Amino acid sequence: MISSPDFTISQEWEAVAQFKEDYLREFGDKFERSFLEGYALRDWEYGLTLLYAKLKDTDCLLDVGGGESFFMAYAAKFINQGYIVDNAFVPRQWYDDWVKMMMQFEAFQTGKVKILEQNAKSLPFEDKFFDKVVTFSALEHFLDDDDTLAVQEIYRVLKDDGILLGTVDFNPCNEYPHPTSPDYRAYTYESFWRRIIRPSKFKLIGEANYLSPLPKKVDYIAAPLFFALNK
C-alpha cells in the first residue's frame, strides 16, 4: 500500500526543480531549449507525479492520453515496460510529428514503450496488467461519459494497490467554462468526485491539490488539479 503524500511545499518544490534540471539536461541534445521550456515542459505535472509514483524498474506503466506528452520519454529509464494510449484528439499533423520525435528515443525504438492509438474507454489489456497509470490534462477532453468509462477501465487494468496519478483541468465554479468549446469540460471538486471517484472504486490518496493559483475570473480554466488515486 502506498503511503499518503504529505503534500509538503518544500518537498514538492525540490522534486519539481530537480525534475526540470534533469529533463532539460537529458533532452537538450535532441530539442531546442526554447521548445523544451515551452510546450514540452509540464514541470509541475511531471515532477509531482514522479515524486509520488515512486517508479520502479519492475513497473509496467500506462500513460492515458499521452499522445502529445513527453513524460514517458523521460520516465522510461525508471520502468520495465510502458504503453501510451491516445485516440489522436490533437491535430493529426502534430500527432504524427510527436510520434517521429518519440522515435528518437531508444525506449520507443526497442519497444520498451509502445504507442497505441485508440480510445481509453476500452483498453486492450487484461485485468490487473499495470502497476501504475498516469494521465495529464487528458480526461477533460473525453466526450460525453467517456472520461468516466476510461477511469473505470483504468481501475480494471491496474493491479491491486495500483495507483493512478495525474492532472485534470480545474475550475472552482464552472464545469464548461470555455464559451467557444462547449464539449471541453473542466472539473469542479463536485464533478471530479461525481465523474471520476464515485463511478470507480478508487480512493483518494492525500488530497486533490491544484497546482497554480485559482483563476481571478471563474469563467475560464486556469488551474491544473493534481490527484493520486489508489486501487
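**Briefing: a predicted single-chain model**

The structure holds zero disulfides, a disulfide being a pair of cysteine sulfur atoms within 2.5 Å. This is a predicted model: local features need pLDDT of at least 70, side-chain atom pairs count only at pLDDT 80 or more, and totals for chains, interfaces and linings use all residues. Residues are numbered from 1 along each chain as its sequence is written, and side-chain values use heavy atoms, with hydrogens and water left out.

**Overall make-up**

- The chain's secondary structure comes to eight helices and eight strands. Helices (H or I, at least four residues) and strands (E, at least two) are DSSP runs, numbered from the N terminus.
- Of its 231 residues, 53% count as buried. Buried means under 20% relative accessible area, exposed over 50%, and partly exposed in between (1.4 Å probe, protein chains only).
- The chain has an accessible surface of about 10900 Å², with 51% belonging to carbon and sulfur atoms. Areas come from the Shrake-Rupley method with a 1.4 Å probe; for residues, only the protein chains shown count as cover.
- Among contacts with a separation of 6 or more, 70% join residues 24 or more positions apart. Contact means heavy atoms within 4.5 Å.

**Cysteines**

- Cys-60 is buried, at 9% relative accessible area.
- Cys-173 counts as exposed, at 56% relative accessibility.

**Ala-53**

- Ala-53 sits in helix H3 (residues 43-53). Ala-53 is buried, with a relative accessible area of 3%.
- Leaving aside residues up to four places away in sequence, Ala-53 touches Lys-132 and Leu-165.
- Gly-166 is 113 residues from Ala-53 in sequence, yet their C-alpha atoms are 9.9 Å apart in space.

**Helix H8**

- Helix H8 (residues 189-197) has these buried residues: Ser-191, Phe-192, Arg-195, Ile-196 and Ile-197.
- Seen down the H8 axis, these buried residues fall within an arc of 170 degrees, so they line one face of the helix. The arc is that of the directions from the helix axis to the C-beta atoms.
- The buried residues of H8 pack against helix H7 (146-157), strand E5 (158-170) and strand E8 (223-230).

**Surface patch**

- Tyr-189, Trp-193 and Tyr-210 form a nonpolar surface patch, with about 280 Å² of accessible area together. Patches are made of residues with over 30% relative accessible area and no salt bridge; like charges are joined within 9 Å, nonpolar side chains (Val, Leu, Ile, Met, Phe, Trp, Tyr) within 5 Å. A salt bridge is a side-chain nitrogen of Lys or Arg within 4 Å of a carboxyl oxygen of Asp or Glu.
- Tyr-210 lies in strand E7 (residues 209-210). Tyr-210 is partly exposed, at 34% relative accessible area.
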